[in-house]
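Hello,

Here is the structure I promised to pass on to you. My notes on what turned up in it follow below.

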Amino acid sequence: MSEAPLDLVIVGAGFSGLAMAIRARQAGFDRLLVLEKAAGVGGTWRENTYPGAACDVPSQLYSLSFAPKSDWSRLFAPQPEIEAYLEGLVAAHGLAPFLRLETCVTRAVFDAEAGLWRVETDRGVVSARVLVGAMGALHHPALPGLPGLERFSGKAFHSAAWDHSCDLTAQRVGVIGTGASAVQFVPEIVGRVAHLTQFQRSAPWILPRGDRPTGRGFRRLMRIAPLRRLHRASLFWRREVAALAGFTRVSRVTALAEAWSRRHLAASIADPALRRQLTPDYRLGCKRVLLSDDYYPALAQPHVSLVTAPIREVLPHGIVTADGAEHPLDVLIFATGFAPGGSVVRTEVIGRDGLSLLQAWKQGADAFRGVSVAGFPNFFLLLGPNTGLGHNSVLLMVEAQVAHVLGALKRLRDQPGGVLEVRPEAQARFREEVDARMRDSIWTQGGCGSWYLDRAGRNRTLWPGTVGDYVRGTERMRVEDYRLTDPPGLCPGPTKGLVLSKP
């Protein structure tokens, strides 16, 4: 660890952390560190290695605009290829010297006298003028508190911590949860298990995916920059129109999409009783809309059971549901998603006047543009509250946030020793804007409950508008939204304080 204060410390080496590091270096901020608790980069795409793991956004859109890749093997890239892309970013942009892998951040405290963040890790303390949290929101697996789970004698694991040593061949496998990971790995494992029992609390809306290999001709076209940009733009605008027309509000387009999903279900499932079980009872978009061509056919196989009765308890060799039925199992796989908030709420972050982020978010996670939190000077989040998407590539949001942080870094470079903090009134205005948009959104009017909502029923997870709306309001840091002051331990003046690197 460096003893001299750095320009910035970035916590997390997934998509957002690497994007921040690349852009910061391109802007001339070379005195930085990226701290990552794992042994390699990749974040979600390093951790989630379950069979069939892949993105549900087209590959050309699920990549950084300033680091294009022309030779994606499929329309929807599989996990190993995305992980390799992220590893390639490190090599292509010379990030290796700036990475500190296997370094766990335990605490971060803002030193008001010095105007610095003291970041405590299991390998020592590092000081930096700016701290960027890029830990991701979907990181800690959520496990249901099922009675008797500790008694289960077989293998049990979450899809995000797949046990590759567990041979599922000829095993009786139970899958709890019907989210994005389940619809990807169930078709991959169904052919080798003796019996698969899918426990479903609510049926997801599923649309056809249309995945296929890209082909040599398509890859050659994608090497031509104008064509690649045009293709990416077409993918973007199709999803933006969907958001405007029906993926954020209940509309006529919502009904059309629901009809499309029902046709997909009818074409895949011949049994009318099974079709009824797989038909959602809420509006499309209220929960995450899933893409799959093979999940429904997997459930239609004779050695697969769909169970919709609630789970009553777990036995040593199976599960008993509320209707009294016993389901014998050898292996239990949880496809139950992640705890909202990610690592940032599990790391002690102490801002001005001893205020912790946990205290600041006692009533719910809140940040200006999802990036800045009042009371936490020179601290920025990537993929913070209300920046998730249900219709488009979240990397577009990341790039806007990175641009916002770069604006702050440049502003601080022009004011050596300065401390930048979002104004509480700016943060409050943004919260009011989000809440107003949410009142008639699909997530509050769609007839479902989801992990998008907090205990008070407020959606603090997703952005309730188009990507264009968000980018226009975020990528340029407006000086009037922030307060720039000198720390009390420094005298004002152009030669005082820490001078950030210049390009």
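Helix α1 is followed by G28, whose phi is positive, near 100°. Before going on, please note that this is a predicted model, in which local features need pLDDT of at least 70 and side-chain atom pairs count only at pLDDT 80 or more, while totals for chains, interfaces and linings use all residues. Numbering runs from 1 along each chain as its sequence is written, and side-chain values use heavy atoms, with hydrogens and water left out.

Back to α1, which covers residues 15-26. Helices here are DSSP runs of H or I with at least four residues, strands are runs of E with at least two, and both are numbered from the N terminus. The twelve residues of α1 reach 17 Å from the first C-alpha to the last, close to the 16 Å expected at 1.5 Å a residue; that expected span is 1.5 Å times one less than the number of residues. Nine of the twelve are buried, so α1 is largely enclosed by the rest of the structure. Buried means under 20% relative accessible area, exposed means over 50%, and partly exposed is in between, using a 1.4 Å probe and protein chains only. Among the buried residues of α1 are F15, L18, M20 and I22.

F15 also belongs to one aromatic cluster with W45, Y62, W72 and Y85. The whole structure holds 16 aromatic pairs. One of them, W72 with Y85, is tilted, at 5.4 Å centre to centre and 45° between the planes. This pair links distant parts of the chain, with W72 in the loop between α2 (44-47) and α3 (79-92) and Y85 in helix α3, 13 residues apart. Both W72 and Y85 are buried. For W463 and Y470, the ring centres are 5.3 Å apart and the planes are at 70°, so that pair is edge-to-face. Rings of Phe, Tyr and Trp (its six-membered ring) pair if their centres lie within 6.5 Å, and planes under 30 degrees apart count as stacked, over 60 as edge-to-face and the rest as tilted.

What about the nonpolar interior? The largest nonpolar core has 79 residues, and those with the most contacts inside it are L8, F15, M20 and I82. Helix α11 (residues 394-414) gives the largest share of this core, eleven residues. A core of this kind is a set of buried Ala, Val, Leu, Ile, Met, Phe, Trp, Tyr and Cys residues joined through side-chain atoms within 4.5 Å. Leaving aside neighbours within four places in sequence, I82 is in contact (heavy atoms within 4.5 Å) with F15, W45, C55, Y62, W72 and A77.

Further along, T474 is found in helix α14 (residues 467-474) and is buried, with a relative accessible area of 0%. Its side chain makes a polar contact of 2.9 Å with that of R369. Such a contact is a pair of N or O atoms within 3.5 Å; within protein, one must be able to donate a hydrogen and the other to accept it, and residues adjacent in sequence count only if both atoms are side-chain atoms.

D353 is exposed at 71% relative accessibility, whereas N378 is buried at 0%.

Best wishes
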